[in-house]
Structures are given as structure tokens and as C-alpha cells.
Amino acid sequence: TRLWDFVRSPSSSYPAKAGVAQGIRGSLLIAGIVMLTFPIGIAGAIYLEEYADDTWATRLIQVTVRNLAGVPSIVYGLLGLAVFVQGLRGLTGGSSVVAAGITLAVLVLPVVVITSAEAVRAVPGSMREGAYGLGATQWEVIRSQVIPAAMPGILTGTVLAIARALGEAAPLLVIGAAGFYTTGNNDFLEQLQGAFTALPMNIANFSRLPAQTWRGHAAAASVVLLAMVFMINLVAIIARARITKKLGR
């Protein structure tokens, strides 16, 4: 009962009343913005593997993407602060869910590109040759053969990206996420462009507070975050199993 109250209760300075409802809402909004960018990463991977010629420019792009995947998250936080919080304040509203979502999307996009490219590369060439032999165009081969066959691997990459985005705290700290409070009863647009918080921020702040009671809150918030990641993984595993079964593998 207390765990359920903790999940649905808003932020409070009193340990007995404090909860993570606003942190959950902020994390889900950020995850939604991050997922909106996944088609860009998948399309980029398909272009690099199926359309781009093997030139020095293509190899440079591939190396750059792999290097970007290893850049520390704090660097992306500084990028988000300079570009999305300060430079594009008129569009994002400054330190907001939109700025945080775009920053984390830029952070995980290289992971999506790399995993999607590996999945596309793993599709047997015989599938492409058979489709071409039947007179299919390149786009028809990609749409009907390559993408369905690569979808399990693509799903794996997107799940890894979402899990990383949900657990990142350093970029949120740099951007200026609130420790506890977010826009309460404002409309949806105001919530996207107003002050915000997220579960990693809740966990960090619970851990910093001196009272021993808050340590339990930090542990409970960590469990909630793990449960969210588990549910996303479960959905992806079920989707992957159905796609694999449909393909007869």
C-alpha cells in the first residue's frame, strides 16, 4: 500500500507524504520524446548499409557515429545546455522536458544507428538476391525483406537506448532539472516547456538528504525506475518473439 502511495503521490518535503508521481511523469514524457527520434536513427542506419557507397565519407560517418556512442553523457548535457536550453529557449522553454528529451535523444541516437546498422547487415544476402530476382526494386526489397528480418535486432537497440535515456542523471543535472517539483496542474504544452523533474533526479535528491528516512525513498524510487525499464524490455521481448515467429525463425 505504501509503495502504491509512493508511486502516485506528488513531491513533498515531508517524508511520509513524498512520492515520485511527478518524476514518473517527467521520465515518461522524456522517453516519449526520445522515441520520436528513433525513426531518424533507423533511417540513417538503412541509408548507410543499403544506399551509401563505400567511400571515405561514408567510413568517416560510421567512425564518427561509433565515437559519439562513447562520449560521456555529461558532454551531451553541456551540449543540451548550450543549444537546447539557451540557444533555442524560444522553442524549448529553457530548462524543460522538451530540452531534456532532445538532449537525451541526441545522446542515444548513435546507439540506435549502430545497433540498427548491425541488424541490417546481419540480414542474409540471399534474401535480397531472391527479391531482386523476382523483379523487386531496391526500396521494395528493403521494405518487404530487409526491415522485417532486421526488426528483432532493431528492437533490441531501441530498448537499450530507452533504458539508457531513462537512467541518465548527469545531462538532467546540467540542463537544470528540478530536484522534486515540476509543473503541477498546468496544461500539457506548459508541462513540456516548464520546470520538470525525472526519476533519476528524484533518486539523486533523496540520496543527498540527511534524514535516514529519505534513504528508503531513494531505494523505492530506484525500484520504480527498474520496474519501468523491465516493463519496456518485456514489451520489446514480446514484440521480438512475435516478429521472429512470423518470420519462421
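Biologist: Are helix 7 and helix 9 roughly parallel or roughly antiparallel to each other?

Modeller: Two packed helices are described by the angle between their axes and the distance between the axes. In this predicted model, local features need pLDDT of at least 70, side-chain atom pairs count only at pLDDT 80 or more, and totals for chains, interfaces and linings use all residues. Residues are numbered from 1 along each chain as its sequence is written, and side-chain values use heavy atoms, with hydrogens and water left out. Helices are DSSP runs (H or I, at least four residues), numbered from the N terminus. Axes are lines fitted to C-alpha atoms over the stretch in contact, and angles run from 0 to 180 degrees between N-to-C directions. The axes of helix 7 (residues 97-121) and helix 9 (residues 138-167) cross at roughly 150 degrees and come within 8 Å. The two helices are therefore roughly antiparallel (over 145 degrees).

Biologist: Which residues of helix 7 and helix 9 meet?

Modeller: Contact means heavy atoms within 4.5 Å. From helix 7, L104, V108 and V111 are among the residues that meet helix 9, whose own residues there include V146, G153 and R164. The residues of this contact divide into 12 nonpolar, four polar and one charged.

Biologist: Which residues have the most contacts inside the largest nonpolar core?

Modeller: A nonpolar core is a set of buried Ala, Val, Leu, Ile, Met, Phe, Trp, Tyr and Cys residues joined through side-chain atoms within 4.5 Å; buried means under 20% relative accessible area (1.4 Å probe, protein chains only). I30, V34 and L172 have the most contacts inside the largest core, which has 43 residues. Helix 7 supplies the largest share of this core, nine residues.

Conventions: Angles under 35 degrees count as roughly parallel, over 145 as roughly antiparallel, 65 to 115 as roughly perpendicular and the rest as oblique. Ala, Val, Leu, Ile, Met, Phe, Trp, Tyr, Cys and Pro count as nonpolar, Asp, Glu, Lys and Arg as charged, and the others, Gly among them, as polar. Buried means under 20% relative accessible area, exposed over 50%, partly exposed in between (1.4 Å probe, protein chains only).
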